[in-house]
Amino acid sequence: MNYKKLICTVLLLGSFATAAKVVNGEEATFSTDSIESSTNAETSDSTTNPQADTTVADDESDVDETAYDAAGNLQFHHPVPFEKFTLEPPAFRSARSTMSVQQAFINQVAPSARTLANSNNLYASVMIAQAIVESGWGSSALSKAPNYNLFGIKGEYNGQSVTMKTQEWNEKDGWYYINAKFRKYPSYKESLQDNVTILKQTSFSPGNYYYSGAWKSNTKSYKDATAWLTGRYATAPNYGTTLNSVIETYNLTQYDTNNPTVQTNAMYRLYNPNSGEHFYTANGVERDKVIKAGWRYEGIGWQAPRSGAPVYRLYNPNAGDHHYTPHLYEKNNLVKVGWCYEGISWYSGGSKVLYRLYNPNAKAGAHHYTLLKSERDNLIKHGWRNEGIGWYGQ
């Protein structure tokens, strides 16, 4: 069957850097991306034109809602031009620790990717590499909260979508801008699951599956899978070699086997009834000393892996407050304004989200971190600000 070429799309996401400002542990992100929540949907695939004009159209009234091309192909979109993609996260080139950002993103998606891929005859290494390339290391607005769309898929997911400006191409009009709707997911896990569904179920005739050449049972290695995806999942001729480079550089083939036993440390949670601060430590001796000083022991908050992206611990000698962050730039900014750096407290990694919240009225204990969604929602009802995901645990 001859398939009609997919409409080329370039979304103004990953190629734009974001600027962040951090003051006393608060992060505000400013982006050039334009987003609108919606309940409609779509999907798109792209190659890129380096000479294409990047001016956004003024007309925002029309929204493209064509999720499939004339041959029935589900359309994909690749926000980062392949000639601009780098193994170094584009949004973090100067201010952040590159390796920490990269490993932190891998840690976020790898557990779910490993489980889903290995139970569905797919390569987790390829899935993780696709997520990295398609989202620009999670830097595109489409892949960030609250959208979590790692693979640039248009369309609805359980009735949820997000509208963004895209640049598209056809022979009649050349490059032009439209508003398009993309699938919006509750978390990365659902985005990864949707990718599995597409790779396993896309079919245009009975018994013939469009992406079957990327299945483990039909390949000798992940390189056969990436070669099959080139020209099908993405029209860019260097798509497969780009994925291979990511897989090799970050040893992603380690995720192509069943999940090994992960060594973790219990993270103890304590509460100061006088200041309202919560304190977290993996050190049993420190936990006992804090309890003797009058803190209340609240049990194990979560399990932290013994390796992964570091989470830094800082202390404010003026307010008596502790702060924890996996962001090197935030740590450095807090040190500049007088916080004392106390080292790496634990590591981030796994599939369990640790939520971060901020109390604008508190001097000490202004930030809180919890594994419990119910606790997060209750604090929000009482005036705390939801600051998203702090880090991940097991």
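Reader: By class, what residues does the lining of the largest cavity have?

Author: In this predicted model, the lining of the largest cavity has 8 nonpolar residues, with no polar and no charged ones.

Reader: Which residues are they?

Author: The largest cavity is lined by Leu122, Tyr123, Val126, Met127, Leu199, Ala214, Ala225 and Leu229.

Reader: What is the volume of the largest cavity, and how many cavities of 30 Å³ or more does a search of the whole structure find?

Author: The volume is about 60 Å³. The search of the whole structure finds 1 cavity of 30 Å³ or more.

Reader: Which helices each supply at least two residues of that lining?

Author: Helices α2 and α4 (222-229) each supply at least two residues of the lining.

Reader: How do α2 and α4 cross, then?

Author: Their axes come within 9 Å and cross at roughly 45°. The two helices are therefore oblique to each other, and their crossing is right-handed.

Reader: Which residues meet there?

Author: From α2, Ser125, Val126 and Gln130 meet Tyr222, Ala225, Thr226 and Leu229 of α4. The residues of this contact divide into 4 nonpolar, 3 polar and no charged. Val126 of α2 takes part in this contact and also lines the largest cavity.

Reader: Let us turn to α5. At what angle do α2 and α5 pack?

Author: Helix α2 (residues 124-135) and helix α5 (residues 239-249) pack at an angle of about 110°, and their axes are 9 Å apart. These helices are therefore roughly perpendicular to each other.

Reader: And which residues of α2 and α5 meet?

Author: On the α2 side they are Ser125, Val126, Ala129, Gln130, Ile132, Val133 and Glu134, and on the α5 side Tyr239, Thr242, Leu243, Val246 and Ile247. The residues of the contact divide into 8 nonpolar, 3 polar and 1 charged.

Reader: A change of topic: is the peptide bond from Ala145 to Pro146 cis or trans?

Author: The bond from Ala145 to Pro146 is cis, with omega near 5°. Most peptide bonds are trans.

Reader: Where is Pro146?

Author: Pro146 is placed in the loop between α2 and β6 (161-170).

Reader: One more: is the phi of Asn121 positive or negative?

Author: Asn121 has a positive phi of about 65°, although Asn121 is not a glycine. Most residues other than glycine have a negative phi.

Reader: In which loop is Asn121 found?

Author: Asn121 is found in the loop between α1 (98-118) and α2.

Key. Residues are numbered from 1 along each chain as its sequence is written. This is a predicted model: local features need pLDDT of at least 70, side-chain atom pairs count only at pLDDT 80 or more; totals for chains, interfaces and linings use all residues. Side-chain values use heavy atoms; hydrogens and water are left out. Axes are lines fitted to C-alpha atoms, for helices over the stretch in contact, and angles run from 0 to 180 degrees between N-to-C directions. Helices (H or I, at least four residues) and strands (E, at least two) are DSSP runs, numbered from the N terminus. Angles under 35 degrees count as roughly parallel, over 145 as roughly antiparallel, 65 to 115 as roughly perpendicular and the rest as oblique. Contact means heavy atoms within 4.5 Å. Ala, Val, Leu, Ile, Met, Phe, Trp, Tyr, Cys and Pro count as nonpolar, Asp, Glu, Lys and Arg as charged, and the others, Gly among them, as polar. On a 1 Å grid over the protein atoms alone, a cavity is a set of points where a 1.4 Å probe fits but cannot get out, and a pocket is an open set with protein on both sides within 12 Å along at least five of seven lines; lining residues have an atom within 4 Å of a point. Grid points are joined across faces, edges and corners, and a volume is the space filled by probe spheres set on the points. A crossing is left-handed if the near helix is turned anticlockwise from the far one by less than a right angle, and right-handed if clockwise.
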